[in-house]
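Please look over the chain shown below before reading on.

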Amino acid sequence: MRKLIAAIAVLLVVSLTSSCARKITRVAPDTQIDISGRWNDTDSRFAAEELTQEVLTANWITDHVQEKGKKPVVIVGLIRNKSHEHIESETFIKDIEKAFIQRQKVRVVQGGKMREELRAERADQQDNSSISTVKKFGLETGADYMLQGNINSIVDAHKRDKVVYYQIDLELTNIQTNEKVWIGDKKIKKFVKN
C-alpha cells in the first residue's frame, strides 16, 4: 500500500511540474502578437513601413532630382523616445534605413556612433595599413537631408481598462538650408482590457 501511495505521489508531482512548465513556440517574425499592450515589434514595423512609404512618395524627391540631377542623400538622425515607456528606437531607425535602401529612391549614409566607429577605423588605417589600401579622410558622402523625430504617448486608464495612444512624428530637413521638406506622422491607438 505504501508503494502505491508513493507511486501516486510521484506521478502527481511529475504531472504538476510538467503542466506548469513554460512552453515556447517559434513564430514568423512578422506575426502580430500583442501581450502587454505596450509598444512592440509590430508597432515599430507598421510605423516604419507607412512613414517610409509616405516620405518616399512625397514631392521633395522629384524636386531634388530635377534640381541636382541625382538621388538625394539622407542620414537618419535621432528619433527620440518621449513616451511613457521604454522604446528602443534603434529598431525603428533600422527599419526606416532598410526601407530607404531597398526602395533605392534615396542614398543613405551612416550616422551616429557607427559613423564615429568608421572614422576611428579610417584614422587607424593612416598608421597601420599599406599605402595602397589606406582609406583617405575627407571623401565621405555628405547628406543632403536629415530625418529626425519623436515618439510620444498618452495613456488614459480607469480601473482595469486603458487606452494607449502613440504618435510618431518625423521631419525631413534640408541640411544646407534648414528647410523642412517633409513632415509625417503615424498614430497607433490600443485598447487594453484586463
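H2 passes H4 in a right-handed crossing, a crossing being right-handed if the near helix is turned clockwise from the far one by less than a right angle, and left-handed if anticlockwise. The model is a predicted one, in which local features need pLDDT of at least 70 and side-chain atom pairs count only at pLDDT 80 or more, while totals for chains, interfaces and linings use all residues. Residues are numbered from 1 along each chain as its sequence is written, and side-chain values use heavy atoms, with hydrogens and water left out. Helices (H or I, at least four residues) and strands (E, at least two) are DSSP runs, numbered from the N terminus.

**The pair H2 and H4**

- The axes of H2 and H4, which are lines fitted to C-alpha atoms over the stretch in contact, come within 9 Å and cross at roughly 40°, with angles running from 0 to 180 degrees between N-to-C directions.
- On the H2 side the contact (heavy atoms within 4.5 Å) is made by residues including Ala 47, Ala 48, Leu 51 and Val 55, and on the H4 side by residues including Phe 92, Ile 96, Ala 99 and Phe 100.

**Helix H4**

- The buried residues of H4 are Ser 89, Phe 92, Ile 93, Ile 96, Glu 97, Ala 99 and Phe 100, where buried means under 20% relative accessible area, exposed over 50% and partly exposed in between, with a 1.4 Å probe and protein chains only.
- Seen down the axis of H4, these buried residues fall within an arc of 160°, so they line one face of the helix; the arc is that of the directions from the helix axis to the C-beta atoms.
- On the other side of H4, Ile 101 and Gln 102 are exposed.
- The buried residues of H4 pack against helix H2 (41-56) and against strands E1 (73-81), E2 (107-108), E3 (145-158) and E4 (161-174).

**Helix H2**

- H2 has 16 residues and reaches 22 Å from its first C-alpha to its last, close to the 22 Å expected at 1.5 Å a residue.
- Among the buried residues of H2 are Thr 42, Asp 43, Arg 45, Leu 51 and Leu 56, and what covers the buried residues of H2 includes helix H3 (59-68), H4, E4 and strand E5 (180-193).

**Single residues**

- Gln 104, in the loop between H4 and E2, has a positive phi of about 55° although it is not a glycine, and Gln 104 is exposed, with a relative accessible area of 55%.
- Asn 178, in the loop between E4 and E5, has a positive phi of about 65° although it is not a glycine, and Asn 178 is exposed, with a relative accessible area of 63%.
- Arg 80 lies in strand E1 and is partly exposed, with a relative accessible area of 40%.
- Not counting residues up to four places away in sequence, Arg 80 touches Gly 149, Asn 150 and Ile 151.

Conventions:
Expected span 1.5 Å × (residues − 1).
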